[in-house]
Amino acid sequence: MSAATRRLTTAQALVRFLAAQYTERDGVRHRLITGTWGIFGHGNVAGLGQALVEYADVMPYHQGRSEQAMVHAAVGHARQLNRLRVQAVTTSIGPGATNLVTGAALATVNRLPVLLLPGDYFASHAADPLLQQLEHPVEADVSVNDALRPVSRYFDRVTRPEALVASALKAVRVLTDPAETGAVTLALPQDVQTEAHDWPEEFFADRVWHVRRPAPDPAELAEAVRAVRAAERPLIVAGGGVHHSEAEQALKALVDATGIPVASTQAGKGALRHDHPADLGGIGHTGTAVSDELARTADLVIGVGTRYSDFTTASGTLFQRPDVRFLNLNITAFDAHKLAARTLVCDARTGLATLADALSGHRVDAAYEAEYRAGKARLEETVRAAFRADDDGAVPTQTQVLGALDAVVGDEDVVINAAGSLPGDLHKLWRARSPRQYHLEYGYSCMGYEIPAALGVQQAAPDTPVWALVGDGTYLMNPTEIVTAVQEDLPVKLVLVQNHGYASIGGLSESVGAERFGTDYRHRAADGSFTGAPLPVDLAANAASLGMDVLRAKTVRELREALVAARAATRPTCVYVETAPPSAALPAEAWWDVPVAEVSAREAATAARTAYERSVADRRHHL
């Protein structure tokens, strides 16, 4: 007797399969694919488009305006839900598919799962070349979707209906594997999407994927315990893996027991609540003075769920003690072995709890605790000074904007940012009150991430106030998903900071001898010089034209009032504020390597090169 089958198109079968996938961790089950974002064109409208109509009762659909933005929304959604739930993204062939590449790279760099379903050429080549098809003269099986291969953790082109069974299972395995996850791409030839096949009923049965919490190897654990007990000045660097593993309480328990201080990467900020005595704020180029001072003198750096980007290590110049050693707790061996570290390859929560038990009775010296607590007190005064506004009628600085927002948000609010000068100020100054409050995408630092990510987070946490913080440069990159927020009644809050140019890259340009070239939003005279007059561009009016309620704030007082109103709003709401130049910019506490022209006829570049050579001399290779 033959097994039961169901006759469906390939696209219909894929949708039914995805609707039946679940994750389970710690005994709690979640639906894996919570919805599908899509922009339809030839390549997916008759296949996946029709299937999403057919099965609208089991697969929610979200209409995007930009393919890249749809991926950002899905990434924000997955991050908010600890990588246990995922969204899919479908596009047409051609530009719709290539627009996925930036979002896919962002997802994979940040180890965040998203399922990409771009349309593709005819597998049969019956119609060839197609509209929007890129022909390759010697490789007929290549399409623009192959650009997604290097930015995907798993890639397959499904050229026959029956090939979907194995491919779909492999795709979901990667999506749910905490050590391998990232962007997953199934390229779907448009003729194959519409072809019918007799599918085994077992393909559509509910399937639960257990998200494991591997424990540390006993030998590695013993070596780690010896290293911690021998250290006089240990420092924990908390990365995004702490959040993904929901290891915040395990970290706090270890720190409470041992007194080891914690500095955080951009992805790890909030691993400890800001008012914990051992939380020293951000580390690295955008870190705090106390974190970076301790990093320079640490004899043991304990990385937890971090991949040690150049901002964290100050391009290899931060950890300066001659005998410094590293102990890395990470679920991926690839990241655990960085900086020639001792390794604990395991789940962050399991590993921290196991390490805390093995270190029972161990605590750092009281003088060391007193030292870092004094540094934390200085940090708190720095934050208060940056946030303080003595004149309520004045135009706010950017740090005063953050201070006003800090006074308004509750513990449950989520603050999202990714690029520009805001990440530096936020990393130094923001007082994270809960594990999910601080949402910085700094692995790819992608301008245009914030607004669509806010939609994904709002979908994941519908009763939570979600704030997207953007500068004028970032806003101009990707405002289109405002329309989707309006369409889906997502009450995201947008804080739009207008400073008339690329503030962050402008400062960097000046420091490396490029003289702020190409970073201003001002009128140019006929000779190419700037006239100084700002462009007659009204970004607040643009946000309003896309359907947002807009509150304009010219002073500190008006800003506070607008933020309070925005937090209470039930519609997408924008707070627009022009900022004054900061009276004293917060300096970088550690270096960042941006190579400078070795020879130049311009004085600015020559001076920058001299400073560069002094800094690069401090770089170390930790072996």
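Modeller: Helices (H or I, at least four residues) and strands (E, at least two) are DSSP runs, numbered from the N terminus. A cavity here is a set of points on a 1 Å grid, over the protein atoms alone, where a 1.4 Å probe fits but cannot get out, and lining residues have an atom within 4 Å of a point. The lining is made up of Gln-398, Val-401, Leu-402, Leu-405, Leu-422, Leu-469, Val-495 and Val-497. Two or more residues come from each of α16 (398-408) and β21 (493-498). Sorted by class, that is 7 nonpolar, 1 polar and no charged residues; Ala, Val, Leu, Ile, Met, Phe, Trp, Tyr, Cys and Pro count as nonpolar, Asp, Glu, Lys and Arg as charged, and the others, Gly among them, as polar. The space inside is about 50 Å³, where a volume is what probe spheres set on the points fill, with grid points joined across faces, edges and corners.

A word on the source: this is a predicted model, where local features need pLDDT of at least 70 and side-chain atom pairs count only at pLDDT 80 or more, while totals for chains, interfaces and linings use all residues. Residues are numbered from 1 along each chain as its sequence is written, and side-chain values use heavy atoms, with hydrogens and water left out.

Now the rings: there are 10 aromatic pairs in the structure. Rings of Phe, Tyr and Trp (its six-membered ring) pair if their centres lie within 6.5 Å, with planes under 30 degrees apart called stacked, over 60 edge-to-face and the rest tilted. Tyr-308 and Phe-326 have ring centres 6.2 Å apart and planes at 85 degrees, so they are edge-to-face. This pair links distant parts of the chain, 18 residues apart: Tyr-308 sits in the loop between β15 (300-304) and α12 (310-313), and Phe-326 in strand β16 (residues 325-330). Tyr-308 is buried at 9% relative accessible area, and Phe-326 is buried at 3%; buried means under 20%, exposed over 50%, partly exposed in between (1.4 Å probe, protein chains only).

Phe-311 and Trp-592 are edge-to-face too, since their centres are 4.6 Å apart and their planes at 70 degrees. Phe-311 belongs to helix α12, and Trp-592 to the loop between β25 (573-578) and α24 (603-616), 281 residues apart. Phe-311 is buried at 11%, whereas Trp-592 is partly exposed at 25%.

Key:
On a 1 Å grid over the protein atoms alone, a cavity is a set of points where a 1.4 Å probe fits but cannot get out, and a pocket is an open set with protein on both sides within 12 Å along at least five of seven lines; lining residues have an atom within 4 Å of a point.
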